[in-house]
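Morning, everyone. Let me put the model up, and then we go through its charged pairs and its core.

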Amino acid sequence: MHFKLIIAFVEDTKTETIMQAAREAGATGATVINNARGEGLEESKTFFGLTLSTQRDVLLLLVEKHLSRHILEHIGEVGEFDAKPGTGIAVVLDVEQARYADAGHGDSFDKRSGAFAVTANECF
(Lines give C-alpha, C1' and ligand atoms only; values in the text may rest on other atoms or scores of the structure.)
Protein backbone atom coordinates (compact mmCIF):
# COMPACT_ATOMS: atom_id res chain seq x y z
CA MET A 1 0.00 0.00 0.00
CA HIS A 2 1.34 3.48 -0.86
CA PHE A 3 0.76 6.47 1.38
CA LYS A 4 0.90 10.27 1.34
CA LEU A 5 1.23 12.52 4.36
CA ILE A 6 -1.04 15.54 4.46
CA ILE A 7 0.17 18.23 6.84
CA ALA A 8 -2.40 20.92 7.56
CA PHE A 9 -1.82 24.05 9.65
CA VAL A 10 -5.20 25.32 10.80
CA GLU A 11 -6.70 27.75 13.30
CA ASP A 12 -7.47 25.82 16.47
CA THR A 13 -11.13 26.82 16.23
CA LYS A 14 -11.38 24.98 12.89
CA THR A 15 -9.61 21.74 13.85
CA GLU A 16 -12.77 19.70 14.45
CA THR A 17 -14.41 21.00 11.26
CA ILE A 18 -11.30 20.14 9.21
CA MET A 19 -11.08 16.68 10.82
CA GLN A 20 -14.73 16.00 9.98
CA ALA A 21 -14.11 17.09 6.38
CA ALA A 22 -11.06 14.83 6.16
CA ARG A 23 -13.09 11.87 7.42
CA GLU A 24 -15.87 12.62 4.92
CA ALA A 25 -13.26 12.56 2.14
CA GLY A 26 -11.80 9.21 3.22
CA ALA A 27 -9.24 9.84 5.97
CA THR A 28 -9.44 7.41 8.87
CA GLY A 29 -7.74 9.48 11.55
CA ALA A 30 -4.97 11.95 12.26
CA THR A 31 -2.41 13.11 14.76
CA VAL A 32 -3.17 16.60 16.08
CA ILE A 33 -0.39 18.76 17.46
CA ASN A 34 -1.85 21.61 19.50
CA ASN A 35 -0.59 25.14 20.08
CA ALA A 36 1.62 25.71 17.05
CA ARG A 37 2.48 29.26 16.09
CA GLY A 38 2.58 30.67 12.58
CA GLU A 39 4.74 33.50 11.29
CA GLY A 40 3.84 35.46 8.18
CA LEU A 41 5.46 38.21 6.15
CA GLU A 42 4.15 40.85 8.51
CA GLU A 43 4.84 40.90 12.24
CA SER A 44 2.00 39.98 14.58
CA LYS A 45 -0.04 42.80 16.03
CA THR A 46 0.58 43.75 19.64
CA PHE A 47 -1.62 45.20 22.35
CA PHE A 48 0.22 46.80 25.26
CA GLY A 49 3.28 44.70 24.48
CA LEU A 50 1.37 41.40 24.20
CA THR A 51 1.44 39.66 20.85
CA LEU A 52 -2.00 38.98 19.40
CA SER A 53 -2.03 35.81 17.36
CA THR A 54 -4.44 32.93 16.97
CA GLN A 55 -3.40 29.48 18.07
CA ARG A 56 -2.82 26.92 15.36
CA ASP A 57 -3.03 23.17 15.29
CA VAL A 58 -1.00 20.92 13.03
CA LEU A 59 -2.87 17.94 11.58
CA LEU A 60 -0.87 14.97 10.31
CA LEU A 61 -2.93 12.66 8.13
CA LEU A 62 -1.33 9.50 6.75
CA VAL A 63 -3.65 8.55 3.90
CA GLU A 64 -3.74 6.14 1.01
CA LYS A 65 -2.17 7.68 -2.09
CA HIS A 66 -5.31 7.46 -4.23
CA LEU A 67 -7.33 9.45 -1.63
CA SER A 68 -4.80 12.22 -0.96
CA ARG A 69 -5.83 14.75 -3.61
CA HIS A 70 -9.53 14.47 -2.79
CA ILE A 71 -8.87 14.87 0.94
CA LEU A 72 -6.55 17.84 0.35
CA GLU A 73 -9.07 19.63 -1.85
CA HIS A 74 -11.96 18.94 0.52
CA ILE A 75 -10.21 20.20 3.66
CA GLY A 76 -9.01 23.27 1.76
CA GLU A 77 -12.54 24.04 0.65
CA VAL A 78 -14.12 23.47 4.07
CA GLY A 79 -11.31 25.32 5.86
CA GLU A 80 -11.57 28.21 3.40
CA PHE A 81 -7.79 28.22 2.87
CA ASP A 82 -8.19 30.23 -0.35
CA ALA A 83 -10.63 32.74 1.16
CA LYS A 84 -8.16 34.94 3.03
CA PRO A 85 -4.51 34.87 4.07
CA GLY A 86 -3.72 33.17 7.36
CA THR A 87 -6.75 30.90 7.35
CA GLY A 88 -4.75 27.71 6.90
CA ILE A 89 -2.44 25.80 4.63
CA ALA A 90 -2.08 22.15 3.73
CA VAL A 91 0.68 20.30 1.90
CA VAL A 92 1.10 16.71 0.72
CA LEU A 93 4.35 14.81 1.04
CA ASP A 94 5.29 11.44 -0.47
CA VAL A 95 5.86 8.72 2.10
CA GLU A 96 8.71 6.49 1.04
CA GLN A 97 8.29 4.00 3.87
CA ALA A 98 5.81 3.54 6.69
CA ARG A 99 5.83 1.17 9.62
CA TYR A 100 2.59 0.34 11.27
CA ALA A 101 0.93 -2.43 13.22
CA ASP A 102 -1.53 -4.62 11.36
CA ALA A 103 -4.34 -6.84 12.58
CA GLY A 104 -2.94 -9.72 10.53
CA HIS A 105 -5.14 -9.12 7.48
CA GLY A 106 -2.67 -7.75 4.97
CA ASP A 107 -2.89 -3.97 4.71
CA SER A 108 -6.27 -3.64 6.43
CA PHE A 109 -6.98 -1.67 9.58
CA ASP A 110 -9.88 -0.72 11.82
CA LYS A 111 -11.59 2.16 10.02
CA ARG A 112 -13.73 2.97 13.05
CA SER A 113 -10.73 3.81 15.24
CA GLY A 114 -8.32 4.74 12.44
CA ALA A 115 -5.70 2.52 14.04
CA PHE A 116 -3.57 -0.42 13.07
CA ALA A 117 -2.88 -3.14 15.63
CA VAL A 118 -0.87 -6.26 16.51
CA THR A 119 1.96 -7.10 14.04
CA ALA A 120 4.52 -4.83 12.39
CA ASN A 121 4.77 -4.46 8.59
CA GLU A 122 6.67 -2.24 6.19
CA CYS A 123 5.26 -0.48 3.14
CA PHE A 124 7.38 0.43 0.15
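A definition to begin: a salt bridge here is a side-chain nitrogen of Lys or Arg within 4 Å of a carboxyl oxygen of Asp or Glu. Two points on method. This is a predicted model, where local features need pLDDT of at least 70 and side-chain atom pairs count only at pLDDT 80 or more, while totals for chains, interfaces and linings use all residues. Numbering runs from 1 along each chain as its sequence is written, and side-chain values use heavy atoms, with hydrogens and water left out.

How many salt bridges does the structure hold? Three.

Start with Lys4 and Asp94. Their side chains meet in a salt bridge at 2.3 Å, N to O. Lys4 lies in strand S1 (residues 3–11) and Asp94 in strand S6 (residues 88–94), so this pair ties together parts 90 residues apart in sequence. Strands (E, at least two residues) and helices (H or I, at least four) are DSSP runs, numbered from the N terminus.

Are these two partners buried or exposed? Lys4 counts as buried, at 15% relative accessibility. Asp94 counts as exposed, at 61%. The cut-offs: buried is under 20% relative accessible area, exposed is over 50%, and partly exposed is in between, with a 1.4 Å probe and protein chains only.

Next, Glu80 and Lys14. Their closest N and O atoms are 3.6 Å apart, in a salt bridge. Glu80 sits in the loop between helix H2 (65–78) and S6, and Lys14 in the loop between S1 and helix H1 (15–24). That pair links distant parts of the chain, 66 residues apart. Glu80 is partly exposed, at 44%.

Then Glu73 and Arg69. This salt bridge is 3.1 Å, N to O. Both residues lie in H2, four residues apart, about one turn of the helix. Glu73 is partly exposed, at 44%. Arg69 is exposed, at 62%.

Now the core. A nonpolar core is a set of buried Ala, Val, Leu, Ile, Met, Phe, Trp, Tyr and Cys residues joined through side-chain atoms within 4.5 Å. The largest one has 15 residues. Leu59, Leu61, Ile71 and Ile75 have the most contacts inside it. S1, H1, strand S5 (56–64) and H2 each supply at least two residues. Which element gives the largest share? H1, with four residues.

Last, Leu61. Leaving aside neighbours within four places in sequence, Leu61 is in contact (heavy atoms within 4.5 Å) with several residues, among them Leu5, Ile6 and Ala22. Lys4, from our opening pair, is also one of Leu61's contacts.
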